[in-house]
Every structure is written in structure tokens, then in C-alpha cells.
Amino acid sequence: MSQEIDIMNYEEIDDIGDNHIGDVTKTPMRADAFELSDAEKIEKIQKNVKEIMETLGLDLTDDSLQGTPRRVAKAYVKELFGGLNPETKPKLSTFNNSYQYGEMLVEKNIVVYSTCEHHLLPIIGRAHVAYISKGTVVGLSKMNRIVDHFAKRPQVQERLTRQVVKALQEALGTEDVACIIDAKHLCVNSRGVKDIESSTVTAEFGGAFKNVDKQKEFRDYIKLETKF
Ligand SMILES: Nc1nc2c(ncn2[C@@H]2O[C@H](COP(=O)(O)OP(=O)(O)OP(=O)(O)O)[C@@H](O)[C@H]2O)c(=O)[nH]1
Ligand SMILES: [Zn+2]
């Protein structure tokens, strides 16, 4: 199947950042990913969810169930997987580092709600992002927004971590960006091996963060207790 797909030259849509050919950090998307409008996708997915529910033997004439296929379709297209649409990528406003702040800046405890691409079950956790300015700073909220943007896709945690770092490196014009994510995968916690205690930690250390002292400093900031 994938052989037959007309893969768009990745450079053509590199600015919208989502074709995976030539860049392993990108989400694997088909070239025809945006041919249908959101409304058309919702219509199509709604029918598919209805079929799944009916196959399970559920009575969709029931008052509580009849709206579910549409609810699920809307949630997929607009919310849980809304980050597949490049138009939802937040604009990362940057400013001059006119105050010449030279240490690392850490945005910690960013809430992550994502979806595991193997089981389509939730991933729930926290991301911590750090960077060292090379003359440019980014609005604090933009780090939270970029984490959420990439989280709103079917994901593996490794790719999510790398996508966050790459987007910030591009916006800030520096390699000196790092991200650590600690998250629970409900596919591990609530089904399968059913280990409710385990969580998954991933990290991406760019540029200056390849230095272990910088990594330690980053981790120490994350551990700082917030009391206010
Ligand atoms: N590397 C990686 N694996 C993930 C992530 N999320 C889920 N998985 C794993 O993806 C794997 C899929 O393995 P399969 O053996 O094909 O699926 P499965 O039979 O449902 O596996 P079990 O979960 O062990 O029951 C599982 O081991 C999941 O724990 C992720 O973000 N990164
Ligand atoms: Zn999973």
C-alpha cells in the first residue's frame, strides 16, 4: 500500500513540517493527508466508529450511544489528533535577548496529554524543556504550546521528545535545547502487562546539553520543589 502512495517531495512541505521522508523526527504522513477537509474527515471517521461500535454489538439507537460516533470523530480530528494539521502549529514568537540572560531557561512540568500510536490509548505525563539563548528568546507559553501541538498526534514518546527539541532549535536558532518527558502509557498501565506503577522517561539533549554537567543542572532545576 505505502509503495503506491505518491510521496510529496518533503522540501515542498518542509515549512509545514510534517512529511517524514528525509527526516526521521517527522510524523509519518501520507502525501494526500490534507486532501480532505476536517468536516469531510469527521464525516468519514464517524461512519467508521459507528461500524466498530455496531460490530461490538452496541445498540446505537440508545440515547446515550447515538452521538458517540460523531463525538469520537470530532475529538480525533479537532482535538486528540489536531496536531497532525500543520495549520495548528503555534507560531513561536521570539524576541531579542536584550537583557543578555546567559544561563539556561527551564520550562518545567508542562502537562502532556498524547495518544500512543500503537494502541490509540492515552499517554499522560510531564515535559520539561530547557534552552540556552544564542541571542533569541522565545515566549514562555510557546514551549507549552509546542509540546501540546506535537502531543496532539498519534505518538511514540521518543519522537514527541525529538520533535519538541527540533521545533525549538529552529525557532531559537541554536542547538542548545533539551527536553525530558516522563509519562504513563495507558497501553502499559491499563491493558496488556497492566503495570500501573511504571512510567517512561525520554530525553533529547542538543548542543551544550550533550555536556553531562548541563544535563545535571537541567535535572536539578526540574527537581526543585515549586512552593508558591
Ligand atoms: N518505544 C515505544 N514503544 C511504545 C510506546 N508506546 C507504546 N509502546 C509499545 O509498543 C509496543 C507494541 O508492541 P506489540 O507487541 O506489537 O503490541 P501488543 O501485543 O499490544 O503488546 P503488549 O502491550 O505487550 O500487550 C508495546 O510494547 C507498547 O508498550 C512509545 O512511546 N515508545
Ligand atoms: Zn500503546
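This passage describes the architecture, the ligand surroundings and selected residues of a predicted protein model.

Residues are numbered from 1 along each chain as its sequence is written, and chains are lettered from A and ligands numbered from 1 in the order in which they are written. Since the model is predicted, local features were required to have pLDDT of at least 70 and side-chain atom pairs were counted only at pLDDT 80 or more, while totals for chains, interfaces and linings use all residues.

The secondary structure of the protein chain comprises 6 helices and 7 strands, where helices (H or I, at least four residues) and strands (E, at least two) are DSSP runs numbered from the N terminus. Read from the N terminus, these elements follow the order α-α-β-β-β-β-α-β-α-β-α-β-α. The C-alpha trace extends over about 60 × 45 × 30 Å along its principal axes. Of the 228 residues, 28% count as buried; a residue is termed buried if 20 or more other C-beta atoms lie within 10 Å of its own, exposed if 12 or fewer, and partly exposed in between, with C-beta atoms placed from the backbone. Among contacts between residues at least 6 apart in sequence, 65% join residues at least 24 apart, two residues being in contact if their C-beta atoms, placed from the backbone, lie within 7 Å.

The chain is divided into domain 1 (2-88) and domain 2 (94-223), with bounds that come from an automatic or database domain assignment. The centres of the two domains, taken over C-alpha atoms, are separated by 25 Å, and the contact draws 9 residues from domain 1 and 11 residues from domain 2. On the domain 1 side, the residues that touch domain 2 divide into 3 nonpolar, 5 polar and 1 charged; here Ala, Val, Leu, Ile, Met, Phe, Trp, Tyr, Cys and Pro count as nonpolar, Asp, Glu, Lys and Arg as charged, and the others, Gly among them, as polar.

Helix H1 (residues 38-55) has 18 residues and should span 26 Å at 1.5 Å a residue, which agrees with the 25 Å between its end C-alpha atoms; the expected span is 1.5 Å times one less than the number of residues. H1 is followed by Gly57, which has a positive phi near 90 degrees. In helix H2 (residues 68-80), by contrast, the end C-alpha atoms span only 15 Å, whereas a straight helix of 13 residues would span 18 Å. The buried residues of H2 include Pro69, Ala73 and Tyr76, and the buried residues of this helix pack against H1 and strand S2 (104-116).

The largest nonpolar core has 31 residues, of which Val129, Val147, Val164 and Leu168 touch the most other members; such a core is a set of buried Ala, Val, Leu, Ile, Met, Phe, Trp, Tyr and Cys residues joined through C-beta atoms within 7 Å. At least two residues of this core are supplied by each of S2, strand S3 (122-132), helix H3 (140-151), H4 and strand S6 (177-185), and H4 gives the most, with 7 residues. When neighbours within four places in sequence are left aside, Val164 is in contact with Ala127, Val129, Ile146, Val147, Phe150 and Cys179. The buried residues of H3, among them Met143, Ile146, Val147 and Phe150, pack against S2, S3, strand S4 (136-138), strand S5 (154-155) and H4.

Ligand 1 is surrounded by Cys116, His118, Val156, Gln157, Glu158, His185, Cys187, Val188, Gly192 and Val193, a residue being near a molecule if its C-beta atom, placed from the backbone, lies within 6 Å of it. Two or more residues of this shell are given by helix H4 (157-172) and by helix H5 (186-189), and the shell residues divide into 5 nonpolar, 4 polar and 1 charged.

Several individual residues complete the description. Lys194, in the loop between H5 and S7, has a positive phi near 50 degrees although this residue is not a glycine, and Lys194 counts as exposed because 8 C-beta neighbours lie inside 10 Å. Asn109, which lies in strand S2, is likewise not a glycine and has a positive phi of about 60 degrees; with 11 C-beta neighbours inside 10 Å, Asn109 counts as exposed. Ser199 is placed in the loop between H5 and strand S7 (200-205) and is partly exposed, because 17 other C-beta atoms lie within 10 Å. Leaving aside neighbours within four places in sequence, Ser199 is in contact with Gly125, Asp182, Ala183 and Lys184.
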